[in-house]
Amino acid sequence: MNDHERDEEHNISLEINNASTMNKDFTSDITNHMELPRKKKSRLQELSSTVQQLQKLNETINTESKPNEYEIFGKHVASQLEKLSTENAIIGQEKIQSILTQLRLN
């Protein structure tokens, strides 16, 4: 084997070693940045927290006040006013407000 062949063989060997080292470094970097699987305990804690949040939300929804008879009547009156022309709706509002004002003053 002549000097030129030895040099080529040496260069190839260096390139293989460099590639191997780069591959190990790359693999190491990926492993270091990967998230480890969550432990069962943390999954249980996360699930427990989610259940508590859902329970609080359920309580909030169930404790909201239901509309009373006055709110329902108000919506009914609003529905009827919407079916009138703009002018008649304004007149109707004025008459309703006038009656309510008189009743409050008594």
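Reader: Where is Ile96 found?
Author: Ile96 sits in helix α4, residues 86-105. Helices here are DSSP runs of H or I with at least four residues, strands are E runs of at least two, and both are numbered from the N terminus. This is a predicted model, where local features need pLDDT of at least 70, side-chain atom pairs count only at pLDDT 80 or more, and totals for chains, interfaces and linings use all residues. Residues are numbered from 1 along each chain as its sequence is written, and side-chain values use heavy atoms, leaving out hydrogens and water.

Reader: Ok, why does Ile96 count as partly exposed?
Author: Because its relative accessibility is 37%. Buried means under 20% relative accessible area, exposed over 50%, and partly exposed is in between, with a 1.4 Å probe and protein chains only.

Reader: And how many of the 106 residues are buried, as a percentage?
Author: Buried residues make up 4% of them.

Reader: Switching topic: how many helices and strands are there?
Author: Four helices and zero strands, running α-α-α-α from the N terminus on.

Reader: Which residues line the largest pocket?
Author: Phe73, Val77, Leu81, Gln93, Ile96 and Leu100. The elements giving two or more residues to that lining are α3 (69-82) and α4. A pocket is an open set of points on a 1 Å grid over the protein atoms alone, where a 1.4 Å probe fits, with protein on both sides within 12 Å along at least five of seven lines; lining residues have an atom within 4 Å of a point.
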